[in-house]
Amino acid sequence: MTTILIVDDSEIDRAVLKNILASFYNVIEADSGYAALDILNNPALKIDGLIIDINMPGLSGFEVLSLLDKSKHSGMMILLISSEAKKDNIIRAANFGASGFFKKPYDSKQILSKLKSIFAKKVLAASMLKGTVSDKELKATILYADKLRRVYLTYLKSEKKNDDLYIHVTEIVHIMLENYFSTKAPKDLTPEGIEIISRAAYFYDIGRMIVSHEKFKVYSQSEIDDIPETHTIAGADFVGVNSSPSVAYFVKVCSDICMHHHERYDGRGMPHGLKSSINNIYTQMCAIAIEFCINFFSAEEISAAEFNMAMNTILEDKDAFRPDVIELLKNSQDDILACYT
C-alpha cells in the first residue's frame, strides 16, 4: 500500500488530512520537521509521498526538503501545505521537485483527485524509464491527442487561423528529440517518449482557446514582456483534466509545455520565472522550436541561409534558452533541411 507522510505541527490539521487519506493510503504523521527527518532517514521505512507544511516552528517545510538525501528520495512525491501559493514559494517548490500545493481548509475531493493523478503519472514515468510503455498506452495517447487536436482546430478555424505553426513546432521538436536520443541517450527518453513529447508540443498554446479575452497573437521570446500569462495556466489546467493513467505521461509533459513555454533560461520568463534547469529540457526544446519556426517559416523559401538567419535571431538573445538546447537545434540543421527541402 502506498505510504504518505504528513508533516504539520497542528494536531487538528493532521487529523483532518489523515481522515481524508486513510481509506486509500497508509498514513504516517510527524509533528515537526525534526520528527519528519527521523522518519525519512529510517531505512526500514519506504515513504512514497510527503505532504509537508511550509510554516512550522523549528524547521520549516523548505528546510526539511533542503536536508533530504536526494539520492534516497528522488522518486518521492512532494506536496506542500500553504495558505497561499506565492510566486517565490512556487519557484522554490519547483526547485525541490514538488508537485504542487494544498490549501487549508482542505478540499477532500481535490486532494484525492490530485494524489491519484500524481501517482498514476509516476507509475507511467517509471515505466518510461524502463522503456516499457505498452502499445495500449501509446495508442491511448495518440487517440487522445487526435481528439484534442480536433477540438483545437475548431477553435482556430473560428479565429480564421490554421495550425501550420503548431505542426512545424511538432516536427522540429521531433527532430531535436531524435538527435538528443542518438547523442545523449538519456535514460528517461525512449522512441515511444519521442512520439508522445513531440505530439504534446503541438498544444503549447491551447490555453488561448480557454482564455477568450486575450487577443490571439503568436508571440516570440523577444516579446515576452507583452505576453499575457493567463493562457499558459489555462492550457495546463485544461490538459490536466484527463486523469487516465494510460495518458498520464502525455498529460504531464503537455501540461508542463503549456504552463512554461514562455519561461526563459535566465529566469526572466513567465508565469513563474523558472530559471536554468528547473524548467525541464523538453519544455525548453518546445520553446526554442517556437522561436525558430516563427522566423524560419516566415521566409519565402527554405534554405540553409534562412536556417542560419533563424539561428542568429535565437543567438541574439542566448540567455533565453538552455545552451545545450541551442546546440542541439544547431546540430539538427541537416535533418531539418532534409525534412523541408
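A nonpolar core is a set of buried Ala, Val, Leu, Ile, Met, Phe, Trp, Tyr and Cys residues joined through side-chain atoms within 4.5 Å. Buried means under 20% relative accessible area, exposed over 50%, and partly exposed in between, with a 1.4 Å probe and protein chains only.

This is a predicted model: local features need pLDDT of at least 70, and side-chain atom pairs count only at pLDDT 80 or more, while totals for chains, interfaces and linings use all residues. Residues are numbered from 1 along each chain as its sequence is written, and side-chain values use heavy atoms, with hydrogens and water left out.

**Stop 1: the cores**

Select Val169, Phe250, Tyr282, Met285, Phe292 and Leu329. These have the most contacts inside the largest nonpolar core, which has 61 residues. Helices (H or I, at least four residues) and strands (E, at least two) are DSSP runs, numbered from the N terminus.

**Stop 2: Ile197**

Go to helix α8, residues 191–201, and select Ile197. Is Ile197 buried or exposed? Its relative accessibility is 0%, so Ile197 counts as buried. Show its contacts, meaning heavy atoms within 4.5 Å. Leaving out residues up to four places away in sequence, Ile197 touches Leu177, Leu189, Tyr249, Val253, Ile257 and Tyr282.

**Stop 3: helix α13**

Select residues 304–315. Helix α13 has 12 residues and reaches 16 Å from its first C-alpha to its last, close to the 16 Å expected at 1.5 Å a residue. The expected span is 1.5 Å times one less than the number of residues. Colour Phe307, Ala310, Met311 and Ile314, which are buried in α13. They cover an arc of only 100 degrees around the axis, which puts them on the same side of α13. The arc is that of the directions from the helix axis to the C-beta atoms. What covers these buried residues includes α12, α14 (323–331) and α15 (333–340).

**Stop 4: the sheet**

Which order do the strands take in the open sheet? The 5 strands run β2-β1-β3-β4-β5, with parallel pairing. Two strands pair if DSSP finds at least two bridges between them. β2 and β5 (101–102) stand at the edges with a single partner strand each, so one side of each is left without a neighbour in the sheet.

Zoom in on β1, residues 3–7. Here 5 of the 5 residues are buried, so the strand is largely enclosed by the rest of the structure. Thr3, Leu5 and Val7 point one way, Ile4 and Ile6 the other.

Show β2, residues 26–30, which is joined to β1 by 5 bridges. Thr3 stands opposite Asn26, Ile4 opposite Val27, and Leu5 opposite Ile28. Trace the chain from β1 through helix α1 (residues 11–21) to β2: this β-α-β crossover is right-handed. That is, with the strands pointing away from the viewer, the path from the first strand over the helix to the second runs clockwise.

Finish at β3, residues 49–53. 4 bridges join β3 to β1, and Gly49 stands opposite Ile4.
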